Amino acid sequence: MTELERKRDRAPVPAQWDYAPAPEARDLVQLRERYGHFVGGEWLEPKETYATIDPSTEEPLAEVGQATNEEVDLAVRAARDAFTNGWSDISPAERAKYPFGIARILQERSREFAVLESLNGGKPIRESRDVDLPLSAAHFFYYAGWADKLEYAFPNRKPRPVGVAGQIVPWNFPLLMLSWKIAPALAAGNTVVLKPAETTPLSALLFCDVVRQAELPPGVVNIVTGDGRTGAGLVKHEGVDKIAFTGSTEVGKAIHRELAGTGKRLTLELGGKAANVIFDDAALDQAVEGIVNGIYFNQGHVCCAGSRLLVQESISEPLIGKLKRRLETLRVGDPLDKNTDVGAINSRQQLDKIKELVASGEEEGAEIYQPPCRLPEKGYWFAPTVFTNVAQSYRIAQEEIFGPVLSVLTFRTPDEAVEKANNTPYGLSAGVWTEKGSRILAMAQRLRAGVVWANTYNRFDPASPFGGYKESGYGREGGRHGLEPYLEFE
């Protein structure tokens, strides 16, 4: 026997197999110490600043500007000048080159942007890399294709751009929401003033370099950062022709009241409390994966998250058993680790809200389950959570938690499933799991939701419109429908 063979015989057998850390390189992103506002193609030194942090470590990443009303005014004036002095008059085919160029640059710099999304937002790098960046580029590609075909998109109507679009995006998908807003606005011939979320401004600020690289004319895209005061200044500005807002229902209502009677265009994509409906003939293992993707994707920081699970009573026990076993395999931790399934909660404020609603669920009598999970000592973290024995009246079944928390209810008949699914002030999305195509179509027709997925969840395509009913807002983003709010017709 050779020496090598003897050593192999003595090699210890691991007691368990575990993932080795596989971190993405942080140095792919070169951050400045201080960022101003991007106005008229130039960086404007801010009068006020605040620190934006990494929610997984609570460490500061950079100082960013807190825009005043005067700085918002400069951005709107720059957008108006760009609109009236050339951008609205260039040929549609020439205009199409810009969103197409932006899409190509996003693809080339996708790894850099993915790292920044995870650093500033807390989401797992796999999601930033495999979902956010490909979809962001796809939206710019898609609307680049429509830029010179607007008269075909809206037959027998003569479209023209609205003017200056004020756009406010949330912190859960910073770059993707930016793409949803800016791509159709540019394709339709508008100019833009965009305000990213207070806690996640860095993707938008890096996007300014993409704008420069694509040689977009100065002032066509302007970005101002700050908290709700900056957003309010943008909404109230008389030089803005259209407001697009994605965020909380409470803020959406305030914007609606502010713009009433002004004649400004408005689209709102607000909160949700989606029902994921599982019938007794569904493929249970496939449904479990859809449930996990529906609520624990991006830590539940998703407007259309499947936060209510409606299970047909006869299969509730085996399905919940499978779901609990699946939760035990989820890895919570460093967002930049490629093995991570659930990253950091975006902010202390959001973590406190999640904890408060979870406590209310326990107090009202729901049964809580959390898998064994060691959370990091620093940063904002919450373990994946499932509530069973939930009643319709419980807060966790009615209010948007916006975190990795699932409420399980049961039903016996399709009529009861529809009644429970629609018993919410929201109407953004829903899911249906069954092998019967006729049942899928019947449920989709009766569910009061803007998007209904069948035997899948959280699937998006730039050609497909997205939006809601009731307190989930109005208007649509994506698809040909997403162009209409940025156009007037003669």
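The model is predicted, so local features need pLDDT of at least 70 and side-chain atom pairs count only at pLDDT 80 or more, while totals for chains, interfaces and linings use all residues. Residues are numbered from 1 along each chain as its sequence is written, and side-chain values use heavy atoms, with hydrogens and water left out. Searching the whole structure turns up four cavities of 30 Å³ or more.

**Terms**
- A cavity is a set of points, on a 1 Å grid over the protein atoms alone, where a 1.4 Å probe fits but cannot get out; lining residues have an atom within 4 Å of a point.
- A volume is the space filled by probe spheres set on the points.

**The largest cavity**
- This cavity holds about 110 Å³ of space.
- Its lining includes Val131, Trp180, Glu269, Cys303 and Phe460.
- Helix H7 (residues 174–187) gives the most to this lining, with three residues; helices are DSSP runs of H or I with at least four residues, and strands are runs of E with at least two.
- Domain 1 (26–270 + 469–488) and domain 2 (272–454) both contribute lining residues, so the largest cavity lies between them; the domain bounds come from an automatic or database domain assignment.

**The second largest cavity**
- About 90 Å³ of space lies here.
- Of the 15 residues lining the second largest cavity, Arg308, Ala421, Thr424, Ser429 and Arg448 lie nearest its centre.
- Helix H15 (414–422), strand E16 (426–427) and strand E17 (429–433) each supply at least two residues of this lining.

How values were computed
On a 1 Å grid over the protein atoms alone, a cavity is a set of points where a 1.4 Å probe fits but cannot get out, and a pocket is an open set with protein on both sides within 12 Å along at least five of seven lines; lining residues have an atom within 4 Å of a point.
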